[in-house]
Amino acid sequence: MAENLMRVLTERFPSGLEVLSDAPGDEVVAVGAAVLRDVMTWLKGPPLDYAMLLDLTCIDERPLGRGFTMVYHLQSLSRNHRLRVKVGLAAESPAVSSLAGLWKNANWLEREVYDMFGVTFVGHPDLRRILMYEGFEGFPLRKDYPLRKRQPRLKERAPDA
Amino acid sequence: MKGAFLTTRFEHVLGWARKYSLFQYPFITACCGIEYMSTACAHYDLDRFGAGLTRFSPRQADMLLVVGTVTHKLAPVLKTVYDQMTEPKWVVAFGTCAVSGGIYNNYAVVQGIDRIIPVDIYIPGCPPRPESVLDGLIKLQEKIQNQRPEWRWLKT
């Protein structure tokens with residue numbers, strides 16, 4: 001199954017797709033940002049039928065000398081199979097095309113990644129913060145966000161002695 | 001009992017009346033709420049201490065129970081709720097998060113609600129057991145009993 005899936009994928013997308021793991025139940029592929037939308041559209045439709053986007057998140061890998069990495073977790077209900085798709089992004093002003101048109105839940109998940117990591121999703125219908133408040137500066141889950149930086153909305157009282 | 005009489009002090013009677021008629025506003029944000037519920041329900045029964053009437057409007061309450069984690073995003077809401085309550089009012093920080101921020105020392109969480117509003121009683125615990133909550137409530141009642149407020153209407 002796993003070998004078959006990987007062969008189908010690499011045959012369909014000979015360029016811009018790399019198999020990172022073909023361990024059964026833990027299949028991971030890396031996809032170029034340019035072809036992400038094409039790959040995802042094809043994965044969602046027949047025959048693979050990854051109809052469900054389980055989660056979508058991001059890793060700040062700049063301390064490792066890389067950029068940001070987007071991670072998409074897909075589930076095929078009809079085939080009872082999961083697939084992880086990774087996309088490497090630039091370290092400076094990372095951007096990737098939005099999948100909100102493919103899976104509706106990607107709308108809020110991408111807003112969360114934008115809020116926490118500052119990744120721009122090109123084509124997103126409503127890209128604004130979802131968790132942090134208005135006026136919050138910076139992206140708190142980036143590795144270069146200062147650990148002790150606080151941005152209170154109210155002027156804080158001195159704690160009672 | 002014909003001819004029986006009682007002498008006392010006005011402030012003592014007022015403190016006694018107030019400490020046994022606490023109308024609470026539960027500001028519940030996190031898992032401590034479960035412990036608050038079990039304290040309020042029949043097994044531990046806050047009503048035994050006269051704190052049984054939970055109000056869901058701050059304008060009707062005189063005891064603000066801040067139960068759970070308060071984030072910077074939520075802080076203005078808590079301040080507004082406190083400001084809406086009429087005097088006299090008391091604040092209880094329920095659980096470690098409300099007391100000090102607890103395990104959360106990060107970009108999102110207020111490091112204790114006393115950075116926003118004054119607090120009368122701190123109940124530590126993650127979450128506090130119902131016995132701790134009742135102990136805190138009794139300590140608050142002692143504080144209310146012994147308070148010496150300035151009576152505005154007596155001064156004029």
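Guide: Welcome! A helix here is a DSSP run of H or I with at least four residues, and helices are numbered from the N terminus. Please keep in mind that this model is predicted.

Visitor: Thanks! Which residue just after H3(A) takes a positive phi?
Guide: H3(A) is the helix of residues 106–117 of chain A. Just after H3(A), a positive phi of about 75 degrees is taken by Gly118(A).

Visitor: What distance does H3(A) reach from its first C-alpha to its last?
Guide: H3(A) has 12 residues.

Visitor: Which strands do the buried residues of H3(A) pack against?
Guide: A residue counts as buried if 20 or more other C-beta atoms lie within 10 Å of its own. In H3(A) the buried residues are Ala106(A), Leu109(A), Glu110(A), Val113(A), Tyr114(A), Met116(A) and Phe117(A). They pack against three strands of chain A: E3 (52–60), E4 (68–76) and E7 (120–122).

Visitor: Is H1(B) roughly parallel or roughly antiparallel to H5(B)?
Guide: Helix H1 (residues 10–19) and helix H5 (residues 130–145) of chain B have axes that come within 8 Å and cross at roughly 155 degrees. Angles over 145 degrees count as roughly antiparallel. That is why H1(B) is, relative to H5(B), roughly antiparallel.

Visitor: Is the crossing of H1(B) and H5(B) left-handed or right-handed, and how many residues of the contact are charged?
Guide: H1(B) passes H5(B) in a crossing that is right-handed. H1(B) brings Gly15(B), Trp16(B), Arg18(B) and Lys19(B) to the contact, while H5(B) brings Gln141(B), Ile144(B) and Gln145(B). These residues divide into two nonpolar and three polar, with the charged ones numbering two.

Visitor: Lastly, where chain A touches chain B, how many residues of the chain A side are charged?
Guide: The contact takes 12 residues from chain B and 13 residues from chain A. On the side of chain A, six are nonpolar and one is polar, and the charged residues number six.

Methods
Residues are numbered from 1 along each chain as its sequence is written. Chains are lettered from A and ligands numbered from 1 in the order in which they are written. This is a predicted model: local features need pLDDT of at least 70, side-chain atom pairs count only at pLDDT 80 or more; totals for chains, interfaces and linings use all residues. Two residues are in contact if their C-beta atoms, placed from the backbone, lie within 7 Å. Ala, Val, Leu, Ile, Met, Phe, Trp, Tyr, Cys and Pro count as nonpolar, Asp, Glu, Lys and Arg as charged, and the others, Gly among them, as polar. Axes are lines fitted to C-alpha atoms, for helices over the stretch in contact, and angles run from 0 to 180 degrees between N-to-C directions. Helices (H or I, at least four residues) and strands (E, at least two) are DSSP runs, numbered from the N terminus. Angles under 35 degrees count as roughly parallel, over 145 as roughly antiparallel, 65 to 115 as roughly perpendicular and the rest as oblique. A crossing is left-handed if the near helix is turned anticlockwise from the far one by less than a right angle, and right-handed if clockwise. The expected span of a helix is 1.5 Å times one less than its number of residues. A residue is buried if 20 or more other C-beta atoms lie within 10 Å of its own, exposed if 12 or fewer, and partly exposed in between; C-beta atoms are placed from the backbone.
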